[in-house]
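Work through the exercises below with the coordinates open. Try each task before reading its solution.

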Amino acid sequence: MLEIRKIYHYYDKAKALEEINLTVEEGSLDAVIGPNGAGKSTLLRVISRLEEPDRGKVMFMGERIDELEAYQIARKGIAHCPERRKLFYDMSVLENLEMGAYSLKDKKKFHELLNFIFEIFPRLKERKKQRSGTLSGGEQQMLAIGRALMANPKLLLMDEPSLGLAPKVKTKIFEAIEKIKHEGTTTLLVEQDAVLAMAVAENIYVLEEGKIEIRGTKEELEREPRIKKVYLGI
Amino acid sequence: MPKKIRSKVSNTVSGTKNFFLGIPRATRNLYKEIPHQVKSFKEWIFTFRGSLTILCLIGTILVPLITMDDYIMTILISFLVFSIFAASWDLLAGYTGQVSFGHSVFFGIGAYVAAAFVKMAGLPWFFSMIIGAVAAILVGLIIGIPCLRLKGPYLALGTQAFSLILFNLFMSGELKDILGSTEGISALPAMSEAHIVTFFFILIIMVISFIILTIIVKSNIGTIFKAIRDDETAADASGINTTKYKLIAFMISGFFAGIAGGLFALNSRAVNPSVFLALYSFYAIVMVALGGIATISGSVVGAFIYWVILTELFKPMGALGTIFLYFPTLISALILIIMIRFADQGILKPALEHIREFYDFLLGR
């Protein structure tokens, strides 16, 4: 569904991504893990064109998308749930979700999605009218995921959903991610917490200093001694 | 007070947020919301805010019937004109987050074009005013396109630069064949014979402008503007063409600022390059800050405090010496600093809370 071929990206002269090749199959949940500053977020930003790649190709459903504008990519069905939430803080929870559904034309689908989101995040339903800036960190993350889902995306890009959350809340978020997976939404997840990511993901890419160092299925990576030592701490 | 009205009060307060539920795409649906808006307007009249607004409006209408004093009329007219101008700035800066320090450009273009069409082409004032506002839209586009890449203070500087360019262009007298030389255009025909008629014309235009602006910010397009203000990246990632909507905001804001400028020129029957001065942009900012940013209606309160109370309060000081002529401006700069430090919400919202308590008290709650 998504195919990234030989992507290079530089911030001025600092290399952020180097020769990234990555494929996400339809219906799967893949994860990119790696330490801080490895280029994980940059990779997602390049896919949704919030950042322009310096070289390389991004293909989505057989179509080249790396030359489009960010909003056009969003309309193609790629929803980006950005790092640090980036909510519309002065608007209510409901208005945030409505904005997420901006490119959705079907009104029936809108209510369907809204119900689904309120089902996986009942807290959001309780706080429907509340200003999103006053939500707790976990609730804000739920809202950010909900907003991305409101676009009825074919591909969901999730950037560090566990960032800055308490372990209990993290588990809740990841339970929701599994539910989203069961609904059949293809997801590419970027995550620092390797244990959590490997618990849900099918294929895992390890990104270090802008390069994909290791790739493989969950089972393959669990056998890898370096992964065990560095990321899983076993 | 009858029970029916009371229940309506609570209904609308909790219900206003639901305006655009289920209408994900708005620009093309804006007209469909009008019946809805009319219905909520009828309800709104009976709410606390609604009755207060109607009361203020009636008060304004009554003034010329009580006193026909030309001086008071002049003050009130400039208050009305500048409240439109402040509201147009509020739409751009308060709602869309595009803080422009060059709003006098739209004001000045509106003023000059309206004056030119009345004077040179002999068109009726209303059409000249509309043409001036349309010219301001075009200028909004011309300024908007290069300034769209700028954010925050850089946008403020960029827009400010445009107002300086236009001021110097008009000061140079290069445009004297079409738009007058350094003295501008003067001796325009009066809008009407009687002052009181002019006053009502301007009052009607002002009320209509505020209704349109309120409909815009309450509709889905207003939510999109707020989304761009709160987080442009997230808005982009939600599929909003932020470039397009920022340009739309520039154009709408330019239109109303142009109307204000046109009325200003037509009412004072003259226009000169000083309308492009940063001072006029500053007026809008002070009035919005006084009334409350991102409220639209706050602009009226701000304009009233600035033009009717502050300016008139300090005007007698001008007699004490030339240095005191600048006193109103100095004081308002001081007030702006105080407002930003201690009351960044403006005074409309806190004041409304207090009046509301009083209102509830009157209703016996």
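A residue is buried when its relative accessible area is under 20%, exposed when the value is over 50%, and partly exposed in between. At 12%, B:Tyr280 is therefore buried. The model used here is predicted.

**Exercise 1. Aromatic pairs in chain B**

Task: Classify the ring pair of B:Phe264 and B:Tyr280, and say where each residue lies.

Solution. 
- Step 1. A pair of rings is described by the distance of the centres and the angle of the planes.
- Step 2. Over all chains, the count is 25 aromatic pairs.
- Step 3. One of them is B:Phe255 with B:Phe256, edge-to-face at 5.2 Å centre to centre and 90° between the planes. B:Phe256 has 4% relative accessibility, so B:Phe256 is buried.
- Step 4. For B:Phe264 and B:Tyr280, the centres are 5.8 Å apart and the planes stand at 70°. Planes over 60 degrees apart count as edge-to-face, so this pair is edge-to-face.
- Step 5. B:Phe264 is in helix H12 (residues 242–268) of chain B, while B:Tyr280 is in helix H13 (residues 278–291) of chain B. The two residues are 16 residues apart and link distant parts of the chain.
- Step 6. Both rings belong to one aromatic cluster, whose members include B:Phe82, B:Phe107, B:Tyr306 and B:Trp307.

**Exercise 2. Positive phi**

Task: Where do A:Lys6 and A:Arg49 lie, and is each one buried, partly exposed or exposed?

Solution. 
- Step 1. Most residues other than glycine have a negative phi.
- Step 2. A:Lys6 is not a glycine, yet has a positive phi of about 50°. A:Lys6 sits in strand E1 (residues 2–11) of chain A. Its relative accessibility is 48%, so A:Lys6 is partly exposed.
- Step 3. A:Arg49 is not a glycine either; its phi is positive, about 65°. A:Arg49 lies in the loop between helix H1 (40–47) and strand E4 (55–60) of chain A. Its relative accessible area is 18%, so A:Arg49 is buried.
- Step 4. Look at the helix that A:Arg49 follows. In H1(A), 7 of the 8 residues are buried. Among them are A:Lys40, A:Leu43, A:Leu44 and A:Ile47.

**Exercise 3. A loop serine and a ring under a charge**

Task: How accessible is A:Ser132, and which residues does A:Ser132 contact beyond its sequence neighbours?

Solution. 
- Step 1. A:Ser132 is in the loop between helix H5 (122–126) and helix H6 (137–149) of chain A.
- Step 2. Its relative accessibility is 0%, so A:Ser132 is buried.
- Step 3. Leave aside neighbours within four places in sequence. The contacts are then A:Leu87, A:Phe88, A:Tyr89, A:Met91, A:Ser92, A:Asn96, A:Gln140 and A:Leu143.
- Step 4. Take A:Phe88 from that list. The charged end of A:Arg147 sits over the ring of A:Phe88, 4.8 Å from its centre.
- Step 5. In chain B, B:Arg341 lies over the face of B:Phe342, 4.8 Å from the ring centre.

**Exercise 4. The interface**

Task: Which salt bridges join chain A and chain B?

Solution. 
- Step 1. The contact takes 25 residues from chain B and 28 residues from chain A. The buried area is about 2,600 Å², with 60% from carbon and sulfur atoms.
- Step 2. The interface has 3 salt bridges. One of them is A:Lys86 with B:Asp231, at 3.7 Å between the closest N and O atoms.
- Step 3. Helix H10 (220–230) of chain B gives the largest share of that chain's contacting side, namely 7 residues.
- Step 4. A:Asp90 bridges to B:Arg229 at 3.6 Å. A:Asp90 lies in a loop of chain A and B:Arg229 in helix H10 of chain B, so the pair joins two chains.
- Step 5. Shared partners join A:Asp90, A:Arg131, B:Arg229 and B:Asp230 into one salt-bridge network.

Methods. Residues are numbered from 1 along each chain as its sequence is written. Chains are lettered from A and ligands numbered from 1 in the order in which they are written. This is a predicted model: local features need pLDDT of at least 70, side-chain atom pairs count only at pLDDT 80 or more; totals for chains, interfaces and linings use all residues. Side-chain values use heavy atoms; hydrogens and water are left out. Helices (H or I, at least four residues) and strands (E, at least two) are DSSP runs, numbered from the N terminus. Buried means under 20% relative accessible area, exposed over 50%, partly exposed in between (1.4 Å probe, protein chains only). Contact means heavy atoms within 4.5 Å. Rings of Phe, Tyr and Trp (its six-membered ring) pair if their centres lie within 6.5 Å; planes under 30 degrees apart count as stacked, over 60 as edge-to-face and the rest as tilted. A charge sits over a ring if NZ of Lys or CZ of Arg is within 6 Å of the ring centre and within 35 degrees of the ring normal. Buried area is the accessible area (1.4 Å probe) that two parts lose on being put together, summed over both. A salt bridge is a side-chain nitrogen of Lys or Arg within 4 Å of a carboxyl oxygen of Asp or Glu.
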